[in-house]
Amino acid sequence: DYSYAEPSADTVAAVCARLRQNQPAWGERSLQERLLVLQKFSACIAEHREALVAALVADTGRSAVAAL
C-alpha cells in the first residue's frame, strides 16, 4: 500500500507558479510541435498500458475491464 501526504498551500502555490511560468513556452510551440509531444505521451501510455492498468487495479480494487 502507499500513503499520501497532502501538499502544503505553499507547495501548491509554487507548483502553480512554475506551471504559469512555463506556459508561454508551450504556447509558443507550433501546433505541429504540440501534437508531437502529445503523440509521444500517448505512445508512452500505450507502451506501458499493462503496467498502468495493473497499478490502477491494485490502487482502486476495480477490475481490469473497468480500468480500460
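Let's start with disulfides: with sulfur atoms required to lie within 2.5 Å, the count comes to zero. This is a predicted model, by the way, so please hear every value today as computed from that prediction.

Staying with cysteines for a moment, how exposed are C16 and C44? C16 has a relative accessible area of 30%, which makes C16 partly exposed. C44 is at 39% relative accessibility, so C44 counts as partly exposed too.

Now the overall fold. We have four helices and zero strands, so if you read from the N terminus on, you get α-α-α-α.

And how much of the protein is buried? Of the 68 residues, buried ones make up 1%. The accessible surface is about 6100 Å², and carbon and sulfur atoms hold 59% of that.

W26, V37 and L38 form the patch, and together they have about 250 Å² of accessible area. W26 sits in helix α1, which covers residues 9-28. Is W26 buried, exposed or partly exposed? With a relative accessibility of 33%, W26 falls between the 20% and 50% cut-offs, so it counts as partly exposed.

Last stop, helix α3, residues 49-60. Its twelve residues reach 16 Å from the first C-alpha to the last, close to the 16 Å expected at 1.5 Å a residue. Then, just after α3, look at the backbone of G61: its phi is positive, at about 80°.

That's my tour, thanks everyone!

Definitions and conventions:
Residues are numbered from 1 along each chain as its sequence is written. This is a predicted model: local features need pLDDT of at least 70, side-chain atom pairs count only at pLDDT 80 or more; totals for chains, interfaces and linings use all residues. Side-chain values use heavy atoms; hydrogens and water are left out. Helices (H or I, at least four residues) and strands (E, at least two) are DSSP runs, numbered from the N terminus. Buried means under 20% relative accessible area, exposed over 50%, partly exposed in between (1.4 Å probe, protein chains only). Accessible areas come from the Shrake-Rupley method with a 1.4 Å probe; for residues, only the protein chains shown count as cover. Patches are made of residues with over 30% relative accessible area and no salt bridge: like charges are joined within 9 Å, nonpolar side chains (Val, Leu, Ile, Met, Phe, Trp, Tyr) within 5 Å. A salt bridge is a side-chain nitrogen of Lys or Arg within 4 Å of a carboxyl oxygen of Asp or Glu. The expected span of a helix is 1.5 Å times one less than its number of residues.
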